[in-house]
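The sequence and structure are shown first.

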Amino acid sequence: MHELEATADFLLMTPQPQTSVEPETRDKSIEVALVRAVLDGDRDAFGQLYAQFAPLVHGILLARVPRVEVEDLVQDIFFHAFNKLHTLRDWAAFGPWIAMITRNRAMDFHRRSRETVEITDDLRSTDNDISRAMEILEMIRALPDAYHETLVLRLVEGMTGPEIASRTGLTPASVRVNLHRGMKLLRERLAIRENL
Amino acid sequence: MNDDYLWNKTGKPDPEVQELEEVLGVLRYKPRPIVLPANLARPRRLRLSALLAVAACVALAFLAAGLWFAATSSKSSKPEQAKQRQLNNPSPSPNVDNQNVAKDQTAGTNQETQPKANNKPQQQSQPVVAYHRHRDNAAVIAKRNREREEALEVKQQLLMALRVASEKLNQAQRKAQNPAPPNQIRNQHKVS
């Protein structure tokens, strides 16, 4: 009898084997569920996808196109994604897919209207905080391609390295390298500017 | 320099990174609800029916090709087979003639004693063999013609089936790729 009680106590004290679900895997399963729901006609699910991935699209655009154009482009890209969602084969890869659409759209934007952009950017940035932010953003944009997107997602959108990796489809190692090298270059350029 | 803070915002904060975060934070995305236009057709999954149509077409094409190949090969091989048969089993007339010749040679000694007895069956066998040969040839030709007609009919039916299947496939593809928006107004004219 005592032995049985002791065993029961021991079982109660023993921590339950926790099914450790990686946050990345959980995100992916949510992504898959949302994409499936959208394909089944649930428009609200697309709203959730939008809420989850809009910062990513915003950050990628901000690293490439003028700020004033970003908001409209974000919406356009999500409309396009909604229309083409049936072509997405791997539902867990919604993030990398929309990131690629965004990069292509940014390239198209530069191909079509380069001149209009720079002028409007300068005219609109009147506020002090924003003008300072825009200065730094310009410095980030001037960095090599591999670094500016990762830095904008980290410093502007506030995403962590693992989040950037999981949403863009890049490996965590390459995101880490890009962050550190990009940050190093940015520090150097900021120091040069302050010395002037 | 604290790498962990830059990587996943843990550990001791890097003041320079924090300052950059603060300054650049004004450019951060401000949540804004997305409003999907009502006339935006919902994205559709690739339908099972379309996939089945594709699979059926492929299967039908293979079947048609197989039948066509079988029909053409049998058509081309039949004369060859007939030739081969003729080579293997020479026509009965020479055999009969040879037998008759042999019989004549063996019976040459008895020709005087029974001169007309051996000639009678020889005269009778020639028209019979010719009749049989003629009848066989006619039957073979008729059979071949019948088979050719049947093959042509089958071919035409298959071509028709393929045409119908490809048309259906095209329709399915068109539907799958360009779903018509529900509220689209067709033949809209400009009103001045």
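## Nonpolar core

In this predicted model, the largest nonpolar core comprises 52 residues, and Val57(A), Leu61(A) and Leu151(A) have the most contacts inside it. A nonpolar core is a set of buried Ala, Val, Leu, Ile, Met, Phe, Trp, Tyr and Cys residues joined through C-beta atoms within 7 Å. The largest share of this core, ten residues, is supplied by α3(A); helices are DSSP runs of H or I with at least four residues, numbered from the N terminus.

Apart from its neighbours within four places in sequence, Leu61(A) is in contact with Val70(A), Leu73(A), Val74(A), Thr102(A) and Ala106(A). Contact requires C-beta atoms, placed from the backbone, to lie within 7 Å.

## Pro66(A)

Pro66(A) lies in the loop between α3 (43-62) and α4 (67-84) of chain A. Pro66(A) counts as buried because it has 21 C-beta neighbours inside 10 Å, the cut-off being 20 or more other C-beta atoms within 10 Å. Pro66(A) and Met134(A) are 68 residues apart in sequence, and their C-alpha atoms are 9.9 Å apart in space.

## Contact between chains A and B

Chain A contributes 37 residues to the contact and chain B contributes 24 residues. On the side of chain B that touches chain A, α1 (3-8) and α2 (15-24) of chain B are the elements giving two or more residues. The most come from α2(B), with five residues.

This side of chain B divides into 15 nonpolar, one polar and eight charged residues. Here Ala, Val, Leu, Ile, Met, Phe, Trp, Tyr, Cys and Pro count as nonpolar, Asp, Glu, Lys and Arg as charged, and the others, Gly among them, as polar.

## Conventions

Residues are numbered from 1 along each chain as its sequence is written, while chains are lettered from A and ligands numbered from 1 in the order in which they are written. In this predicted model, local features need pLDDT of at least 70 and side-chain atom pairs count only at pLDDT 80 or more, whereas totals for chains, interfaces and linings use all residues.

Note on methods. A residue is buried if 20 or more other C-beta atoms lie within 10 Å of its own, exposed if 12 or fewer, and partly exposed in between; C-beta atoms are placed from the backbone. Two residues are in contact if their C-beta atoms, placed from the backbone, lie within 7 Å.
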